[in-house]
Amino acid sequence: MADGLVAVGSGLGARLGGLKWWQQVLLVFLASRIVTTIIFCVFAALQPASERTGASPDYFTFATLWDGQWYWLISLQGYPTDLPHDAAGQLGENAWAFLPAYPLLMRVLTLGGLISFPALAPIVSTVFAAGAALVFFQIARRVLPAASALFAVVLLCVAPLSPILQASYAESMHLLLLLSALLLLLQRRYLVLIPVAIVMSLTRPSGLAFALLLLAHLIHRIATRRGDPFAPREVGGIVAAGLLTAAAGVSWIFVAWAVTGDSAAYTDTELVWRRAYIGDQHLLPFTSWFQGAHWWLSFAGVDSVSAWVLGAVLVTALVLAFGAFLFSPWAKRMGVDLRLWVAAYALYLLAVFFPQTSTFRLLVPLAPLLIALAVPRSRGLRVALVILGVVGQIAWMDVSWWVNGVDWTVP
C-alpha cells in the first residue's frame, strides 16, 4: 500500500506505507477536512450580517445555514399537520420537503433539543463522511489497484461538493448508507442491504433509483447466468430488496398525505422551490431539465423560442454524452453494477429534478464516478485533479453557501 499515497506525495506515501488501509483512508480524510474547514472559516469570517446569520458567525453556525436550518427546525418541532399558504392561496416552503431520517436522528442525539443542534450536527455529519470514505475505499478496491483506490478516496474528499459532507445536511449520512448498500450489492448480500436501503431512502430521495438499479442488476444476472450461476434464493433476495426499496422510496408521499390530509403534500411542497424560476407547474416526468434549460438560457438573454430549441438540443446532447461516457474505457473500469447505479440515479435526476444551483449537491450520490477518474498514474495529473477539487470547493462556497445578498444561488 506504500504507493497508495502517491497522489499526495511520494515522501508521505513512503512514511505512511506501514499503516493499515483504514488508517491511510482516515489520514487522507483528516487532511481534506482541515483544508475544507479552513475554507469554511474564511468564508464565515467574510460573511456579512444577513437574514440568516449575523456578521462573521462561528464555524458551527455557518455550517448550519440553508437546509441545515430546516433540519434543525424539524428536529425540534417535527412536521406540520397544516400546510402553510400565503394570502393568495399559494403553498409555501415547509418541512415536508425534507426526509425524516437525519433530523429524527439529530433529535435523538440532541436529546430533543437539550444539546445545541448547530454545535452537534456538523460533527455528526463529519463522522458519517469519514465512514463514507472508508466504505468508498472498499468499493474502489474491488475494481482498482490499491494505489488507484486510495486516490479515488482523495478525489472524494477534495471534490468541489465535499464541504457539504461536514455541514448540517443529510448528504453525508445518505452517502454512507448509499455506499454501504452498493458494497453489499457488490458482495451479493441482498437481504442484508434491505434495511440499509430503506433508511437510505428516508434520508435523501434515492429509493426509486436504487430500486431501478436492483431491477437492472436482476436482468444482468439473468442474462449472464450461464457464466455466473444464479441461485433461486438470490432471485428472491433481489426481488425482495427491490420491492421494499421502491416502497420506501414512495413512502414519504403517503406519510405526508396521512398527516396533512393532502395527497399532494410532498410533491407540491417540492415544487415550491422551483416556483421562482418557472412559476407553479405540475410535476411531469422528464420535462424539468428542458424547462430549466429554457429558463437559464432566457436568463442569459436568449429569446424564448430559441431558448426552447437550444435548450432541448443541449439537454439531449448532455444525456447522449453522459451515456457515451458510461461506455468509455475509464468508466468500464467501475464494473457493471456501479455503472448501473450511476445510470439509474442520473435517470432519476433527469426525470424529477429541476436544474438549479442546489442540483450540484444532488450529484453527490454519483460519487462512484470518481473511480473512473482515479485511474491515471501520472503524479502531475493527480495533483492537478486535487487542485481543481479544492478550487471547486472555493467556487461552490462563493456561489452557493455564504449569503452575499443574492440568495437565489442556494446550495
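Biologist: Which residues are linked with Asp67 in a network of salt bridges?

Modeller: This is a predicted model. Side chains of opposite charge can pair when their charged atoms come close. Asp67 belongs to a network of salt bridges, and its other members are Glu171, Arg204 and Arg361.

Biologist: How many salt bridges does the structure hold?

Modeller: One of them joins Arg275 and Asp280, with the closest N and O atoms 2.9 Å apart. The total for the structure is 7.

Biologist: How many residues apart are Asp228 and Arg188, the pair that links distant parts of the chain?

Modeller: Asp228 forms a salt bridge with Arg188, the closest N and O atoms being 2.6 Å apart. Asp228 lies in the loop between helix H10 (207-223) and helix H11 (232-260). Arg188 lies in the loop between helix H8 (171-186) and helix H9 (190-201), and the separation is 40 residues.

Biologist: Is Arg221 buried or exposed?

Modeller: Arg221 also meets Asp228 in a salt bridge, at 3.5 Å from N to O. Buried means under 20% relative accessible area. Arg221 has 1% relative accessibility, so Arg221 counts as buried.

Biologist: Which residues is Gln291 in contact with, leaving aside neighbours within four places in sequence?

Modeller: Gln291 sits in helix H14 (residues 288-299). Gln291 is buried, with a relative accessible area of 16%. Beyond those neighbours, its contacts are Ile278, Gln281, Trp308 and Phe354.

Terms used: Residues are numbered from 1 along each chain as its sequence is written. This is a predicted model: local features need pLDDT of at least 70, side-chain atom pairs count only at pLDDT 80 or more; totals for chains, interfaces and linings use all residues. Side-chain values use heavy atoms; hydrogens and water are left out. A salt bridge is a side-chain nitrogen of Lys or Arg within 4 Å of a carboxyl oxygen of Asp or Glu. Helices (H or I, at least four residues) and strands (E, at least two) are DSSP runs, numbered from the N terminus. Buried means under 20% relative accessible area, exposed over 50%, partly exposed in between (1.4 Å probe, protein chains only). Contact means heavy atoms within 4.5 Å.
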